[in-house]
Every structure is written in structure tokens, then in C-alpha cells.
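Subject: Structure handover

Hello,

Here is the structure I promised to pass on. Please open it first, then read my notes below.

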Amino acid sequence: MVDGGDPGPGDLRHGPVPEHPRRRGQHGAQPAPAADRPGPAEGGDTVTATPLLEVEDLHLSYELRDRTVHALQGATLHVGRSEIVGIVGESGSGKSTVARAALGLLPWGVAHITGGAIRVEGADVTRFGPRQWPKLRGHPLAMVFQDPLSFLNPVVRVGRQIAEGVAKHDPGADRTRRVAELLDLVRLPAEVAQSFPHELSGGMRQRVLLAIALGCRPKLLVADEPTTALDVTTQADIIALLRDIRDTLDLSILLISHDLAVVATMCDRIYTMYGGHTVETGPTADVLRRPGHPYTYGLMQSARAVRDEHGRYATIPGQPPNLAVEFPGCPFSGRCPVEVEPCGTRFPPSARVSGAETHLAWCWRLVEQHAGDVAVTA
Ligand SMILES: Nc1ncnc2c1ncn2[C@@H]1O[C@H](COP(=O)(O)OP(=O)(O)OP(=O)(O)O)[C@@H](O)[C@H]1O
Ligand code: SF4
Ligand SMILES: [Mg+2]
């Protein structure tokens with residue numbers, strides 16, 4: 001546990017219990033939880049009047065030929081200006097789906113938003129169609145992916161690929177000079193402009209992808225597992241680069257990773273996702289010091305490679321939930337070591353975890369510990 005002592009999950013003693021965002025089909029329209037919406041800055045949570053990106057209780061399904069995958073069943077997050085915000089969660093928890101939904105990068109005809117909202121700079125983009133989404137891509141939102149090769153055109157020199165974004169989003173700029181500036185920004189030599197993607201290493205390709213994204217002058221850069229395919233040293237370089245870029249350009253970053261250590265070193269705030277739900281959020285230091293959700297706690301134990309009494313490394317026992325079934329209870333139910341009575345039948349409301357008003361977890365155990373403090377609206 002960070003900070004020496006091990007408080008364990010759900011050590012909750014204080015604070016009001018904010019209202020939970022609406023659960024589809026259960027409670028009708030209600031606002032997002034007060035503490036996950038913009039308000040006065042507290043506990044390192046940099047917030048502004050209008051966040052760049054707001055995802056509110058988003059429900060999204062992939063309709064496949066033989067089954068429906070309920071990939072998002074209540075995803076909630078916001079990113080303010082100049083923030084670095086992380087999403088963590090194991091494979092299949094919905095991290096990429098929520099990010100791709102925010103950029104309209106989901107397969108048309110297969111992915112369906114069935115509830116909730118996505119707002120970009122306050123504008124509701126939830127029902128955007130294929131012609132409207134491209135207007136948001138690059139500027140104000142840009143994305144870099146785990147596998148740059150799948151994005152880069154193999155037969156076009158890197159400099160030209162960077163220049164294409166510049167031409168679209170910065171038409172008055174001197175393209176040659178701007179390409180050189182962008183390569184310098186991502187710490188690549190100017191000669192790289194003449195290379196084809198296959199002539200570059202994985203780390204260099206990821207930097208090229210970043211240069212393309214930054215050439216569009218985004219306000220928010222979404223980075224989906226940008227370092228997962230790289231060796232440890234290159235990972236550290238890319239993370240340091242992302243942080244420097246945020247400081248230099250004053251943009252916001254939404255960083256997606258299954259690696260809590262990466263997110264912990266980089267992000268101002270964290271969201272934990274599990275089974276298509278946001279299950280915890282808060283300033284990074286608060287979440288690491290006192291995780292409120294048993295799943296976040298389990299992730300931390302795994303990340304710190306804690307060994308049990310038999311010398312085995314800690315993993316979270318059990319399997320992730322089956323997303324082909326819409327489950328009315330907490331998705332961690334059946335796998336959770338501290339399950340209580342309503343867990344299997346009703347999704348919990350959010351409850352405040354630690355000192356920061358913005359540190360919330362969606363867990364019945366927290367709600368129980370708050371009992372008597374304030375009425376809970378589930
Ligand atoms: N295009 C798609 N078609 C059908 N199902 C999909 C599609 N994309 C994702 N899914 C399913 O949606 C669920 C969430 O997937 P998603 O990729 O968002 O998870 P993730 O948290 O990003 O996982 P990972 O860490 O492995 O990248 C998973 O069950 C996945 O199989
Ligand atoms: S709601 Fe229940 S099952 Fe879910 S994490 Fe909390 S205690 Fe565990
Ligand atoms: Mg993913």
C-alpha cells in the first residue's frame with residue numbers, strides 16, 4: 001500500500017453520500033453525481049466551468065450476430081482543462097469503448113448508445129452521426145493508440161502524414177517548418193520526416209503518432225495504452241514526453257492503461273472501471289492512499305506484486321463479469337471479498353471515500369458505513 005499503512009478498501013468514515021447518476025430503467029433522469037461534476041477545485045482536482053469532455057452514465061452495447069455485449073453499463077467521467085486523467089481497469093472493463101465513444105470511433109451499426117450522454121465542451125454529441133464526428137477529431141479531441149502501425153499509412157513518408165493534419169487544422173502554417181517543430185516537440189530528429197513507418201522503432205512510431213495528433217492542435221489528447229507494446233525504458237520515455245507535452249502545450253490528456261503504476265505516476269485524477277461501470281474516482285493521491293472500492297484495492301495489490309503467505313503474487317481471484325448479461329447488481333459481486341446483502345441485486349449509489357469531496361466509490365459497503373450520516377438515494 002502506498003504511504004506505508006494498509007487501510008484496505010472501504011475504510012469510510014465521513015462525508016455526504018452524493019446522488020448516483022441514473023441507472024437505466026431504474027430511476028429515470030437524474031444528474032451526474034455532484035462531486036464528479038465541475039465545481040471548486042479541491043484535492044488536486046483541477047476543474048473548470050465547462051469540462052472538455054463529460055461522459056455521464058453512458059450505456060453502450062455491441063450488437064453482434066449471435067449476442068449482445070453490454071460493454072458500458074454506467075460509465076461516468078469528466079476531463080477539465082490542463083488535467084491528466086487516467087482510466088484503469090482490467091481487460092474488457094470498457095476503457096477503450098468509453099474513449100472511442102467520446103471520439104465517435106466505434107463501429108457504426110454494431111455499437112449502440114442506449115443511455116447516458118457524451119458532451120464535448122458542453123455540447124451534447126451523443127447522437128452525432130458519421131458526418132458530424134470528423135469535425136471533432138483532431139481538434140478539439142485527438143487520440144493515439146497502442147499500435148501505431150495500424151494507424152500509420154505504410155507507403156507514405158512520415159513527414160507527409162504529419163503535414164496532412166497540419167493542412168487540415170492549421171491551414172495558414174508553413175507545413176515544412178511545422179513538421180520540423182512537431183518532430184522536435186516529440187524529440188525526433190528532423191530527418192525522420194523522410195522515413196517510412198516500417199523504418200522506425202516502436203517508440204519512434206508512437207512519437208510520430210503523437211506528432212500527427214499534436215499537429216491538429218487538440219485541446220484533449222486521448223492516449224489508449226500508448227506504452228503497452230513498448231519495452232520498459234521506452235515506456236518511461238513516452239510517459240515523460242507526454243507529461244512535458246502537457247506542460248508545454250497546456251492541453252489535457254486522458255490516459256488509458258491497465259497498468260496502475262503508469263497512471264499513478266502521471267495522472268492528477270483516476271477513474272477505475274469494472275464491468276462497464278465507473279466504480280471509483282478521485283485525485284490520484286487520495287485513491288492510492290485510501291482506495292474506496294475493493295476492486296481498486298485488488299488492482300493496487302496486484303500492481304505492487306504483493307505476495308501471500310504461500311509466496312504467491314496477489315491477483316484478484318475469479319473472472320470478470322459476463323457482459324452478454326445485463327446484471328442489476330454490483331459487477332464485482334461474486335468476486336468481492338467484502339460483499340454485503342444488496343450487492344447481487346442492486347447497483348450501489350456513490351459514496352464519498354476520503355477527505356477530497358471528489359473521491360467517490362460506488363460500493364454498498366461504503367454506503368453501509370455512511371448509514372445514519374445522510375439518506376442515500378439509490
Ligand atoms: N468492436 C467490438 N465488437 C464487439 N465487442 C467489442 C468490440 N470492442 C469491444 N468489445 C467488447 O466490449 C467489452 C469492452 O471492451 P474494451 O475494449 O472497451 O475493454 P478494455 O477495457 O479497453 O480492454 P483492454 O484492456 O483489453 O483493452 C469487451 O467485452 C470487448 O470484448
Ligand atoms: S458493492 Fe458489494 S460486491 Fe460491489 S464492491 Fe462493494 S461490497 Fe463488493
Ligand atoms: Mg482497450
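Predicted model: local features only at pLDDT ≥ 70, side-chain atom pairs only at ≥ 80, totals over all residues.

I start with the ligand. The shell around ligand 1 splits into six nonpolar, six polar and three charged residues. The shell counts 15 residues, and the closest are Ser91, Gly92, Lys95, Ser96 and Thr97. Which element gives the most to this shell? Helix 1 does, with three residues. Strand 2 and helix 1 (95–102) each supply at least two.

Now the polar side chains at the ligand. The side chain of Ser91 has an N or O atom 2.4 Å from an oxygen atom of ligand 1. For Lys95, a polar side-chain atom sits 2.8 Å from a ligand oxygen. For Ser96, the distance from a side-chain N or O atom to an oxygen of ligand 1 is 2.9 Å. On its own, ligand 1 exposes 630 Å², and the protein buries 66% of that.

Next, the chain as a whole. It has 10 helices and 12 strands. Of its 378 residues, 53% count as buried. Take the contacts between residues at least 6 apart in sequence: 68% of them join residues at least 24 apart. The accessible surface comes to about 16000 Å², and carbon and sulfur atoms account for 51% of it.

Salt bridges come next. The whole structure holds 14 of them.

- Glu121 and Arg81. Their closest N and O atoms are 3.4 Å apart. Glu121 is partly exposed at 29% relative accessibility. Arg81 is partly exposed too, at 32%.
- Arg269 and Glu83. This salt bridge spans 2.7 Å, N to O. Arg269 is in strand 9 and Glu83 in the loop between strand 2 and strand 3, so the pair links distant parts of the chain, 186 residues apart. Are these two residues buried or exposed? Both Arg269 and Glu83 are buried.
- Arg217 and Asp170. Their side chains meet at 2.8 Å, N to O. Arg217 is partly exposed, with a relative accessible area of 43%. Asp170 counts as buried, because its relative accessibility is 15% and the cut-off for buried is under 20%.

The last pair does not stand alone. Asp170, Arg177, Arg178, Glu181 and Arg217 are linked in a network of salt bridges.

On to helix 9. Why is helix 9 described as largely enclosed by the rest of the structure? Eight of its 10 residues (294–303) are buried. The buried ones are Pro294, Tyr295, Thr296, Tyr297, Gly298, Leu299, Met300 and Gln301. Their cover includes strand 3, helix 7 (260–266), strand 9, strand 10 (277–283) and helix 8 (284–289).

Thr272 lies in strand 9 (residues 269–274). At 1% relative accessibility, Thr272 is buried. Leaving out residues up to four places away in sequence, Thr272 touches Val88, His277, Thr278, Val279, Glu280, Tyr295, Thr296 and Leu299. Tyr295, Thr296 and Leu299 are among the buried residues of helix 9.

His293 is in the loop between helix 8 and helix 9. His293 is buried, with a relative accessible area of 1%. Its side chain reaches two backbone atoms. One is the nitrogen of Tyr295, at 3.0 Å. The other is the oxygen of Trp362, at 3.4 Å.

Best wishes

Methods
Residues numbered from 1 in each chain as written. Chains lettered and ligands numbered in written order. Heavy atoms only, no water. Helix = DSSP H or I, 4+ residues; strand = E, 2+ residues; numbered from the N terminus. Buried < 20%, exposed > 50% of the residue type's maximum accessible area, 1.4 Å probe, protein only. Contact = heavy atoms within 4.5 Å. Salt bridge = Lys/Arg side-chain N within 4 Å of Asp/Glu carboxyl O. Near = heavy atom within 4 Å. Polar contact = N/O pair within 3.5 Å; in protein donor to acceptor, adjacent residues only side chain to side chain. Areas by Shrake-Rupley, 256 points an atom, 1.4 Å probe, with all protein chains shown as cover. Nonpolar A, V, L, I, M, F, W, Y, C, P; charged D, E, K, R; others polar.
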